Amino acid sequence: MTIRTETETQTQTQTEAAAPPRVLRFAALGDSLTAGVGDPVPGGWRGWAALLGGGSAEPQAGVLFHNFAISGALTRDVEERQVPAALDFEPSIASVLVGVNDTLRRAFDIQDLAPRLDRACGALAARGTVLLTACLPDPGSMLGLPAPLARPLARRQRAVNAVVHALSARYDAIHLHMADASWVAERSLWSADRLHPGERGHRMIAARFHELLTARGLTLGPPPALEADQPPPTRTAALRWLATSGTGWVARRCKDLLPELLRLAGDEVRHRARGSSARLDLHADHTLSCALAALSPGAPVARMGE
């Protein structure tokens, strides 16, 4: 049994009091959603991750934030480029939101995406990093595409979300559900391009993640304000986006995705006419099951601070 003198106890107390407060290091990984597209500020984009993390490279309210997300990033980009950079940052918390861009590519392959996302999350979790994840709405619904075009994209996004759910459970991630119909239907939460949240949407995502982190005992400063500085986009703004930036986006997707999407839409129409649409769902479910079965076996994950 160790007996400490009063002087030793006072010295320890003074040392603890003089120690600087712990800084939570927050790394944001992903695509344009996390890069902040849809939430413009002078000089670029802000977005939910910056709102949650304080948006500064200098510690703010005990948080050091770094955004590694890149607009247009695929799951492959997150695994091969963003994760190594984030590991060098040594984050306490890391958000990994990605997958929508994969669904908008001709060569979408859930059996390639799933292990890549697993390795990305696993590399961060192995360092004791707390993960933030989210399931996302499918772009077909967001863009209001006709059913034969929207269904294949919805099927793809459901598969991505299923993988995200499985990995979130494996790595004990803080998970946010963002695929429900009410979120999609609230147009004031979305930007003019109909694919990215507007300022209100980004603020809502940040506030919801803040609530979930606080419940886990990991508060990132004060809660982000929900009140937007800018009004929601008008229909005129949406048309202006389509006539300017949107034309380039559509052209790129037409070269890559559109031929494949038209083929898939043809399959939808033919199967519907034959009354065999369930076969498409069964095939998608089988492919997803194979992807989930091929994931690495679960392993104990280090907790932050252990």
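Asp-172 is partly exposed, because its relative accessible area is 33%. Here buried means under 20% relative accessible area, exposed means over 50%, and partly exposed lies in between (1.4 Å probe, protein chains only). Asp-172 sits in the loop between helix 8 (147-170) and strand 7 (174-177). Helices (H or I, at least four residues) and strands (E, at least two) are DSSP runs, numbered from the N terminus. The phi of Asp-172 is near 55°, a positive value in a residue other than glycine.

Glu-90 also has a positive phi, of about 55°, although it is not a glycine. Glu-90 is in the loop between helix 4 and strand 5 (93-97). Its relative accessibility is 56%, so Glu-90 counts as exposed.

## The model as a whole

This is a predicted model, in which local features need pLDDT of at least 70, side-chain atom pairs count only at pLDDT 80 or more, and totals for chains, interfaces and linings use all residues. Residues are numbered from 1 along each chain as its sequence is written, and side-chain values use heavy atoms, with hydrogens and water left out.

The protein has 14 helices and 7 strands. Of its 306 residues, 47% are buried. Contacts here are heavy atoms within 4.5 Å. Take the contacts between residues at least 6 apart in sequence: 77% of them join residues at least 24 apart.

## Asp-31 and Ser-32

Where is Asp-31 found? It is in the loop between strand 1 (24-30) and helix 2 (32-35). Asp-31 is buried, because its relative accessible area is 4%. Leave out residues up to four places away in sequence, and Asp-31 touches Ala-69, Ile-70, Ser-71, Gly-72, Ala-73, Leu-97, Val-98, Gly-99, Val-100 and Asn-101. Take Ala-73: it is 42 residues from Asp-31 in sequence, yet the C-alpha atoms are 4.7 Å apart in space. A polar atom of the Asp-31 side chain lies 3.2 Å from the backbone nitrogen of Leu-33.

Ser-32 belongs to helix 2. Its relative accessibility is 7%, so Ser-32 counts as buried. Which side chain makes a polar contact with the side chain of Ser-32? That of His-196 does, at 2.6 Å. A polar contact is a pair of N or O atoms within 3.5 Å; within protein, one must be able to donate a hydrogen and the other to accept it, and residues adjacent in sequence count only if both atoms are side-chain atoms. Beyond its neighbours within four places in sequence, Ser-32 is in contact with Val-37, Ile-70, Ser-71, Gly-72 and His-196.

## Thr-75 and helix 4

Thr-75 lies in helix 4. At 2% relative accessibility, Thr-75 is counted as buried. Its side chain has a polar contact of 3.0 Å with the side chain of Asp-102. Not counting residues up to four places away in sequence, Thr-75 touches Val-98, Gly-99, Asp-102, Leu-113, Arg-116 and Leu-117.

Now look at the whole helix. The axes of helix 4 (residues 75-89) and helix 6 come within 9 Å and cross at roughly 10°. Axes are lines fitted to C-alpha atoms, for helices over the stretch in contact, and angles run from 0 to 180 degrees between N-to-C directions. Helix 4 is therefore roughly parallel to helix 6. Angles under 35 degrees count as roughly parallel, over 145 as roughly antiparallel, 65 to 115 as roughly perpendicular and the rest as oblique. Thr-75, Arg-76, Val-78, Glu-79, Glu-80, Val-83, Ala-86 and Leu-87 in helix 4 meet residues of helix 6 including Leu-113, Arg-116 and Leu-117.

## Helix 6 and helix 14

Helix 6 (residues 110-125) also meets helix 14 (residues 278-293): the axes come within 9 Å and cross at roughly 30°. The two helices are therefore roughly parallel to each other.
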